[in-house]
Amino acid sequence: MKIIIVGAGIGGLAAAVSLHEAGLRDVVVYERSTAIRGLGVGINLLPHALRELTELGVAETIAALGVAPTSLSYFNRHGQRIWSEPRGIAAGYRWPQLSVHRGRLQLALRDLAEARLAEPIRLGHRLVGVAANPDGTETARFATEDGEVEATGDVIVGADGIHSALRALRHPAEGAPPWSGLTLWRGVSRIPAFLDGRTMIMAGDGEQKFVAYPLSEPDQDGRMLVNFIAERRAGGTGDADWNRSVDPGPIAELFRDWRFDWLDVPAAIAAADEILEYPMVDRDALAQWTFGRTTLLGDAAHAMYPNGSNGGSQAILDARTLAFHLASAGTVEEGLAGYEQARRPAMTALLAGTRATGPERVMQLAAERAPQGFTDIDEVIPLAEREKIAADYKATAGFLPSVLNERASLTPQAEASR
Ligand SMILES: Cc1cc2nc3c(=O)[nH]c(=O)nc-3n(C[C@H](O)[C@H](O)[C@H](O)COP(=O)(O)OP(=O)(O)OC[C@H]3O[C@@H](n4cnc5c(N)ncnc54)[C@H](O)[C@@H]3O)c2cc1C
């Protein structure tokens, strides 16, 4: 079975490695960029993604790139704690959570894919068309520097991100990703370690927010590399480009009053070498991913807001699920149907949950009920309500510890021997 993957991002590269490990060895990856430069800032991989990377045998390589946060805490815009929960192993998972630089993760996955695949990644190939052939195969057309080239496969996987060309070909009326009206500014700073040096924090509410998590251990001076996302409702176009660089100064000024006794937010923003501006956009849920023998994966299928830290993890789950079904099913069509059935309804529910602010709902409730702050959070949001919000999101995203720890493996051989 020849499989063409379009896009060498996190999802496409994870799919290439997953298909290879599942015994599907005739895989070729096509990428629009002329070089994989490992762009971006931080990304979180949740325990459900670490489980898949572990079962793929690559978790040690990936774990060496980042740090594992042991807790996640939510605060209001006055720096008061609303909710805190253990994460990863500390929360009872068999696998950790991992905060990692997106670019380093992409380069590591590229190296793993290149070491395994028979064919090199075809760079400088931008998908522009697909057509089904009478024998059931599909032919992809790519624009290159030297003109158009074609490639024919039994399956074409569109892992080409939020602006997916394959998605646009299949859903031509859809248009640009809808914008929430919020703008995100992402950066990395070296700042004094905060809290226990292993906590991911979110502070603020639906209008303005600051998220930060360590990307390194504290050094001898007690400073650590921290990824942050500053977010605010602001003017702009909603035109999503991951590489738009802006000056940190004016962004730090927007947060000038956010000096908590445990974190100086404007100083953290001002310390960034570079800040990347990105509108908070996502995609509407689709009624169909698979057309003939083409399907979608990762952001191409279900780009979501970053508030649950789930986009990269869900792309990895897609990759492993696709490999499992293609390797286990009797026919290509059954394999693609099994993949879509396993993933699309779950992602439809997760997109809705993420638009409803996901686990950050506790921050919104605290802002609505106690805009000036509180003396006792239990009087504002009772413990049971906070616990339910956290558990409901995990259930929707497929990472309740009890469920994730026990569910069957997506490794085809392991499944066959059960
Ligand atoms: C440059 C960049 C920076 C990012 N930075 C961050 C970040 O800092 N933090 C974060 O949480 N998330 C970031 N993301 C998004 C995050 O990587 C994804 O949400 C998630 O990992 C899902 O991965 P994906 O493979 O589905 O999509 P992506 O990682 O977006 O990968 C899609 C790939 O497809 C390629 N492609 C696009 N169109 C075509 C085409 N027509 N033909 C061939 N190839 C095509 C792209 O060049 C890209 O390599 C970034 C994405 C990109 C592309």
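Trainee: At what angle do helix H11 and helix H13 pack?

Mentor: This is a predicted model. Helix H11 covers residues 361–369 and helix H13 covers residues 383–397. Their axes lie 9 Å apart, and the packing angle is about 145°.

Trainee: How many residues of the contact of H11 with H13 are charged?

Mentor: H11 contributes Arg361, Val362, Leu365 and Arg369, while H13 contributes Glu385, Arg386 and Ile389. Three residues of this contact are nonpolar and none is polar. The number of charged residues is four.

Trainee: How much of the area of the ligand taken alone does the protein bury?

Mentor: An oxygen atom of the ligand is 2.6 Å from an N or O atom in the side chain of glutamate 31. A nitrogen atom of the ligand is 2.5 Å from an N or O atom in the side chain of arginine 186. Taken alone, the ligand exposes 930 Å². Of that area, the protein buries 90%.

Trainee: Which element gives the most to the shell around the ligand?

Mentor: Elements giving two or more residues to this shell are H1 (10–21), E3 (42–45), E7 (126–132) and H9 (311–328). The largest contribution, three residues, comes from helix H1.

Trainee: Which class in the shell around the ligand has 12 residues?

Mentor: The ligand is surrounded by 30 residues, and Gly11, Glu31, Val41, Arg186 and Asp299 are the closest. Domain 1 and domain 2 each supply at least three residues to the shell. The shell has 11 nonpolar and seven charged residues. The class with 12 residues is polar.

Conventions:
Residues are numbered from 1 along each chain as its sequence is written. This is a predicted model: local features need pLDDT of at least 70, side-chain atom pairs count only at pLDDT 80 or more; totals for chains, interfaces and linings use all residues. Side-chain values use heavy atoms; hydrogens and water are left out. Axes are lines fitted to C-alpha atoms, for helices over the stretch in contact, and angles run from 0 to 180 degrees between N-to-C directions. Helices (H or I, at least four residues) and strands (E, at least two) are DSSP runs, numbered from the N terminus. Contact means heavy atoms within 4.5 Å. Ala, Val, Leu, Ile, Met, Phe, Trp, Tyr, Cys and Pro count as nonpolar, Asp, Glu, Lys and Arg as charged, and the others, Gly among them, as polar. A residue is near a molecule or strand if one of its heavy atoms lies within 4 Å of it. A polar contact is a pair of N or O atoms within 3.5 Å; within protein, one must be able to donate a hydrogen and the other to accept it, and residues adjacent in sequence count only if both atoms are side-chain atoms. Accessible areas come from the Shrake-Rupley method with a 1.4 Å probe; for residues, only the protein chains shown count as cover. Domain bounds come from an automatic or database domain assignment.
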